[in-house]
Each structure stands twice: as structure tokens, then as C-alpha cells.
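Me: I have a structure open and would like to talk through its local features with you. Could we start at the surface and work from there?

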Amino acid sequence: MRRYGKHTDEDDIRSRPNRKGNRPRTNIRPKHEDAAEGMVLTVDRGRLTCLVDDRPVLAMKARELGRKAAVVGDRVALVGDLSGKKDTLARIVRIEERSSVLRRTADDDDPYERVVVANADQLAIVTALADPEPRPRLVDRCLVAAYDGGLDPLLVLTKSDLAPPDKLLELYGDLDIPYVVTSREELANGDAADRVRAHLNGKITAFVGHSGVGKTTLVNALVPEERRRTTGLVNAVTGRGRHTTTSALALPLAGADGWVVDTPGVRSFGLAHIDPSRVIHAFPDLEPGTAGCPRACSHDEPDCALDAWVADGHADPARLYSLRRLLATRERREGD
């Protein structure tokens with residue numbers, strides 16, 4: 001059937017719009033110079049809670065950012081409704097350059113790395129001395145991730161009333177890592193929180209640890225007004241705790257200037273993304289000795305120049321042993 005008669009006028013013909021849009025494509029993106037600065041506090045199913053001028057603002061990532069994801073600790077630029085009122089939504093248009101990144105993979109065979117927290121100054125590795133038993137290999141892996149990501153490590157040993165800390169502290173003595181030893185009684189009366197808080201003042205500290213070690217309980221003591229649901233019982237059969245923190249959350253430190261980032265309990269800490277050549281940067285006494293190493297040296301092979309460097313008295317042999325032990329964590333699982 002003919003839609004038009006024999007004599008048609010151009011004005012009578014309907015032109016269909018371009019399905020892909022009539023506006024020309026451009027690579028030029030707005031600069032958003034008037035965007036407000038904020039810090040990501042938590043991420044939940046595509047919605048990000050950000051701190052803007054001391055008030056929480058709910059936001060979503062702008063489409064122009066593509067696949068680039070914002071994580072807890074990120075400094076971001078926001079536009080839109082920044083009032084923080086109910087049913088309002090701002091837009092994150094820029095993610096600023098990160099000063100540090102804590103990353104992990106699900107396991108050593110997983111090529112997909114996950115950014116846990118950005119811009120943290122230090123990583124507090126929480127482990128129990130008993131119930132559940134300490135897992136040094138997991139601690140080693142967290143240390144490697146901290147050194148690789150540019151974070152200073154802090155050991156927090158809990159439940160000292162159940163087992164002494166000497167053996168575990170001896171294992172890490174040559175690394176010169178600051179540490180705090182706490183008991184359940186000290187955690188209950190606030191003494192433990194006060195001693196840990198002294199290491200957190202003026203810093204953004206991410207807390208990591210496997211379930212049941214008392215990590216969230218400690219965070220609750222450090223940030224009492226932001227009560228987090230604490231750990232239930234440790235499984236008597238597996239010796240593992242139950243997960244109580246399901247997403248990373250940045251909380252303002254009570255009684256001091258700083259931030260605490262509580263992260264979900266981990267059962268494994270994959271290091272598939274780690275470049276071993278970056279771990280040496282955490283050993284400034286050994287790093288000059290790598291100048292004579294062969295290309296792509298793993299620092300644990302016969303031709304490694306670090307052996308001669310240490311033999312000549314430039315560094316403590318125990319430090320080289322510690323470096324190689326940490327590097328070896330990429331080749332064995334934390335339970336081995």
C-alpha cells in the first residue's frame with residue numbers, strides 16, 4: 001500500500017531521528033571545575049556514600065568514568081545534589097590520583113585483582129594468638145600486599161590471655177614492624193583501644209584479618225559511636241570465625257584525628273597481582289645491593305647479588321631471610 005499520493009511535498013515526508021542520537025560524538029569531557037571534593041566511605045551495590053564537608057552524601061559513578069571504579073578511601077569530585085538529604089543522589093565525575101592501594105586477589109590463580117582500599121597510610125594486620133590459631137602465612141601475605149601497595153604495616157595481636165605472643169613476635173622481629181599485644185580483658189575495659197589508637201592518630205588505617213580474631217570488636221572499641229555487629233562464636237570444628245563485616249567501611253577515629261577502615265574478614269589473600277620486584281622497596285637496607293642482580297632477578301636464586309651484599313656486612317642476614325620468606329609466599333598458600 002502506498003503511503004503517499006502521486007504528488008508529494010518534501011514538507012509532508014516525516015524524517016526519522018538518528019537512532020544513535022542527533023548530537024555529534026565527541027571525546028571532549030566537561031572538566032567540572034566547580035565539583036566538590038569528597039571521600040568515599042563505603043560502597044554498596046553501585047551506590048557510594050561520600051563525606052562532603054562533614055556530611056554523608058549518597059552518590060553514583062558518572063557514566064563518563066567508564067569501567068574505572070571508586071573504592072573506600074578514594075578522593076573524588078562530585079556534582080549534583082550535595083545536600084545529603086533523603087532521596088537525593090549526587091554524581092562522582094572524577095577519581096583523584098591515589099597515594100596508596102591495598103589490593104588482593106581471591107587466590108593465586110585468579111588474575112582479577114580487587115582494590116580493597118585506597119589512600120590508606122597503614123595496614124593493621126589483626127591476628128589472634130589462639131582461638132583461632134595464628135596463621136603466619138596469611139600474615140606474610142598481608143605484609144607483602146602492604147609493602148607492594150605503599151602502606152606501612154602494624155601488627156595487632158589479640159587474645160594474649162590465651163597464648164603468649166613471644167613466638168609470633170620472634171618471627172617478625174627482623175622486619176622492625178610496630179606491634180600491639182592485647183587481651184580480651186584489655187579490650188573490654190578500653191585499655192587495648194587506647195594503646196592501638198596511639199598508632200592510628202593522624203592516619204588512615206585499614207584493618208584486615210581472618211574471621212574470629214576480634215578485628216571488628218577492636219574497631220567497635222576504637223569507634224564506639226559507630227557500633228558494628230561483632231563476631232559470633234568461632235566454629236569449634238574448623239577453627240574459623242563467622243564473617244560479620246560484609247563491606248569495607250571508613251569510620252572516623254574517636255578521640256583522635258584519623259580514620260579506621262574496617263574490611264570484611266578474609267579466608268585467603270591472593271597475591272597473583274604482586275610484582276616481586278616492588279617488595280624490595282620495603283627493605284631500604286637491602287635495596288642498594290640489588291644493583292648487581294641479573295635482569296628480572298627474583299632475589300632468591302644463585303646469581304642474586306644480595307648474597308654477596310650481605311656477606312660483605314652491608315646488611316643483617318636475618319633481613320635477607322625475611323625478604324625471601326615473604327617473596328616465597330607467592331609460591332605457597334597461607335595454609336601450607
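Me: Which residues form the nonpolar patch on the surface?

Reply: This is a predicted model, and in it Leu58, Met60 and Leu89 make up a nonpolar surface patch, with about 220 Å² of accessible area together.

Me: Where does Leu89 sit, and how exposed is it?

Reply: Leu89 belongs to the loop between β4 and β5, and its relative accessible area is 35%, so it counts as partly exposed.

Me: What about charge, which residues gather in the negative patch?

Reply: The patch of negative charge on the surface brings together Asp166, Glu170, Asp174, Asp176 and Asp316. Of these, Glu170 is placed in helix α2, which covers residues 166-172, and Asp176 is in the loop between α2 and β10 (179-181).

Me: Why is Glu170 called exposed?

Reply: Because its relative accessibility is 64%, and the class of exposed residues begins over 50%. Asp176 is also classed as exposed, because its relative accessibility is 63%.

Me: Where is Arg45, and is it buried or exposed?

Reply: Arg45 is in the loop between β1 (36-44) and β2 (47-52), and with a relative accessible area of 77% it is exposed.

Me: While we're on the backbone, where is the cis peptide bond?

Reply: A cis peptide bond joins Asp131 and Pro132, with omega at about 5°. Pro132 itself is part of the loop between β8 (122-128) and α1.

Me: Changing topic, how many salt bridges does the count come to?

Reply: The count comes to 14 salt bridges. One of them pairs Glu64 with Arg91, where the closest N and O atoms are 3.7 Å apart. That pair links distant parts of the chain, since Glu64 is in the loop between β3 (55-61) and β4 (75-80) while Arg91 is in strand β5 (residues 90-95), 27 residues apart.

Me: How accessible are Glu64 and Arg91?

Reply: Both fall in the intermediate class: Glu64 is partly exposed because its relative accessibility is 32%, and Arg91 is partly exposed with a relative accessible area of 34%.

Me: And which residue does Arg98 bridge to?

Reply: Arg98 forms a salt bridge with Asp74, and there the closest N and O atoms are 2.8 Å apart. Arg98 lies in the loop between β5 and β6 (101-105) and Asp74 in the loop between β3 and β4, so this pair ties together parts that are 24 residues apart in sequence.

Me: Are those two residues buried or exposed?

Reply: They fall in separate classes, as Arg98 is partly exposed at 26% relative accessibility, whereas Asp74 is buried at 0%.

Me: What does Arg94 pair with?

Reply: Arg94 forms a salt bridge with Glu96, the closest N and O atoms being 3.1 Å apart. Arg94 is partly exposed at a relative accessible area of 30%, and Glu96 is partly exposed at 30% as well.

Me: Which residues are linked in a network of salt bridges?

Reply: Arg137, Asp140 and Arg325 are linked in such a network.

Me: Moving to the aromatics, how many pairs does a search of the whole structure find?

Reply: The search finds one aromatic pair. Tyr147 and Phe283 form it in an edge-to-face arrangement, with 5.9 Å centre to centre and 65° between the planes.

Me: Why does that angle count as edge-to-face?

Reply: Because planes over 60 degrees apart are classed that way, and the planes of Tyr147 and Phe283 are at 65°.

Me: Last one, how many residues of helix α5 are buried?

Reply: Six of the eight residues in helix α5 (residues 215-222) are buried, and the helix is mostly covered. The buried ones are Lys215, Thr216, Leu218, Val219, Asn220 and Leu222.

Technical notes. Residues are numbered from 1 along each chain as its sequence is written. This is a predicted model: local features need pLDDT of at least 70, side-chain atom pairs count only at pLDDT 80 or more; totals for chains, interfaces and linings use all residues. Side-chain values use heavy atoms; hydrogens and water are left out. Rings of Phe, Tyr and Trp (its six-membered ring) pair if their centres lie within 6.5 Å; planes under 30 degrees apart count as stacked, over 60 as edge-to-face and the rest as tilted. Patches are made of residues with over 30% relative accessible area and no salt bridge: like charges are joined within 9 Å, nonpolar side chains (Val, Leu, Ile, Met, Phe, Trp, Tyr) within 5 Å. Accessible areas come from the Shrake-Rupley method with a 1.4 Å probe; for residues, only the protein chains shown count as cover. A salt bridge is a side-chain nitrogen of Lys or Arg within 4 Å of a carboxyl oxygen of Asp or Glu. Lys and Arg count as positive and Asp and Glu as negative; His and the chain ends are not counted. The place of a charge is taken as NZ of Lys, CZ of Arg, CG of Asp or CD of Glu. Helices (H or I, at least four residues) and strands (E, at least two) are DSSP runs, numbered from the N terminus. Buried means under 20% relative accessible area, exposed over 50%, partly exposed in between (1.4 Å probe, protein chains only).
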